[in-house]
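Here is a short report on the fold and packing of one protein chain. Look over the sequence and the model first.

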Amino acid sequence: MRVVFDPRTQLLVVLVTSVAVFWADMDKVWMVTLFMAAYLLVQGIYVPVVKYLILAALLLGLQELLNRGGSGALSSLRFLTYLGLRFMPVMMGAGSLGRVPSGKLMSALATLRLPRGLLISLAVCFRFMPVIRLEHEAIQVSARLRGVSFTSPVNWLRPLRTYEYTIMPLLMRSMKISDELAASATVKGIDDPGPKTSIHRIAFGLQDYLVLAAYACLMAAVF
């Protein structure tokens with residue numbers, strides 16, 4: 001059974017986690033990681049959880065090897081594994097939040113009575129990023145067919161050509177998409193100062209209270 005949380009719950013989890021992982025002791029960060037894995041599993045997000053856990057295990061193993069390898073040039077790599085392990089729970093929570101439809105997320109944020117300028121900026125950002133990601137994937141498919149993709153090591157020796165055929169089309173598409181999104185938002189009445197309606201039902205449910213209570217217990221155990 002797939003559990004659906006209120007976007008405000010998901011946002012709160014991400015914000016608190018992003019602060020907590022840097023205040024918690026390193027030997028307790030794994031507790032937050034396991035909680036976030038369970039948090040994703042109850043939402044029906046299975047494959048990314050496996051990938052995150054495998055990556056966390058690899059980073060942990062690499063860190064243990066580096067701790068035995070002395071200092072020097074390995075210190076930088078050890079620091080990267082340290083950051084990766086601490087950022088892992090944040091990325092897991094952000095992955096859950098990123099699956100929320102932008103319209104539902106904006107409706108939830110509107111209930112928090114945030115400044116209107118901030119809401120408009122977030123609306124453009126949340127709608128722009130998924131679209132530009134799809135455009136980037138389409139451009140890369142076309143570039144690979146023509147043999148000019150920057151993912152191919154052969155093209156690393158020709159950076160200007162790679163930039164021309166992969167980055168420039170993305171920049172041009174970004175400009176056009178931003179204009180289209182601005183026109184779409186205007187048509188939908190984003191400039192209207194009156195109250196906005198939404199097809200999404202925004203309300204806390206029992207599942208939200210349960211996960212927040214469990215999260216509070218986790219924070220108490222970590223700190």
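**Basis**

This is a predicted model, in which local features need pLDDT of at least 70, side-chain atom pairs count only at pLDDT 80 or more, and totals for chains, interfaces and linings use all residues. Residues are numbered from 1 along each chain as its sequence is written, and side-chain values use heavy atoms, with hydrogens and water left out.

**Overall fold**

The protein has 8 helices and 0 strands. Helices (H or I, at least four residues) and strands (E, at least two) are DSSP runs, numbered from the N terminus. The pattern along the sequence is α-α-α-α-α-α-α-α. The C-alpha trace spans about 60 × 55 × 35 Å along its principal axes. Of the 223 residues, 31% count as buried. Buried means under 20% relative accessible area, exposed over 50%, and partly exposed in between (1.4 Å probe, protein chains only). Contact means heavy atoms within 4.5 Å. Among contacts between residues at least 6 apart in sequence, 72% join residues at least 24 apart.

**Nonpolar cores**

A nonpolar core is a set of buried Ala, Val, Leu, Ile, Met, Phe, Trp, Tyr and Cys residues joined through side-chain atoms within 4.5 Å. The largest one holds 24 residues, and V32, F35, M36, Y39 and L218 touch the most other members. Two or more residues each come from helix 1 (7-23), helix 2 (29-41), helix 3 (47-67), helix 4 (74-97) and helix 8 (206-222). Helix 2 gives the largest share, 6 residues. A second, separate core has 7 residues, including V14, L97, M106 and L109.

Beyond its neighbours within four places in sequence, M36 is in contact with V13, T17, P89, M92 and G93. L218 lies in helix 8. L218 counts as buried because its relative accessibility is 9%. With neighbours within four places set aside, L218 is in contact with M31, V32 and F35. L218 and V13 are 205 residues apart in sequence, yet 12 Å apart in space, C-alpha to C-alpha.

Axes are lines fitted to C-alpha atoms, for helices over the stretch in contact, and angles run from 0 to 180 degrees between N-to-C directions.

| Helix pair | Axis angle | Axis distance |
|---|---|---|
| Helix 2 and helix 3 | roughly 165° | within 9 Å |
| Helix 1 and helix 2 | about 165° | 11 Å |

Helix 2 is therefore roughly antiparallel (an angle over 145 degrees) to helix 3. T33, A37, L40 and L41 of helix 2 meet V49, Y52 and L53 of helix 3. The residues of this contact divide into 6 nonpolar, 1 polar and no charged. Here Ala, Val, Leu, Ile, Met, Phe, Trp, Tyr, Cys and Pro count as nonpolar, Asp, Glu, Lys and Arg as charged, and the others, Gly among them, as polar.

Helix 1 and helix 2 are roughly antiparallel to each other. Their crossing is left-handed. Q10, V13, T17 and V21 of helix 1 pack with V29, V32, M36 and Y39 of helix 2. This contact divides into 6 nonpolar, 2 polar and no charged residues.

**The end of helix 3**

N67 is found in helix 3. N67 is partly exposed, at 43% relative accessible area. The C-alpha atoms of N67 and R78 are separated by 7.5 Å, and these residues are 11 apart along the chain.

Conventions: Angles under 35 degrees count as roughly parallel, over 145 as roughly antiparallel, 65 to 115 as roughly perpendicular and the rest as oblique. A crossing is left-handed if the near helix is turned anticlockwise from the far one by less than a right angle, and right-handed if clockwise.
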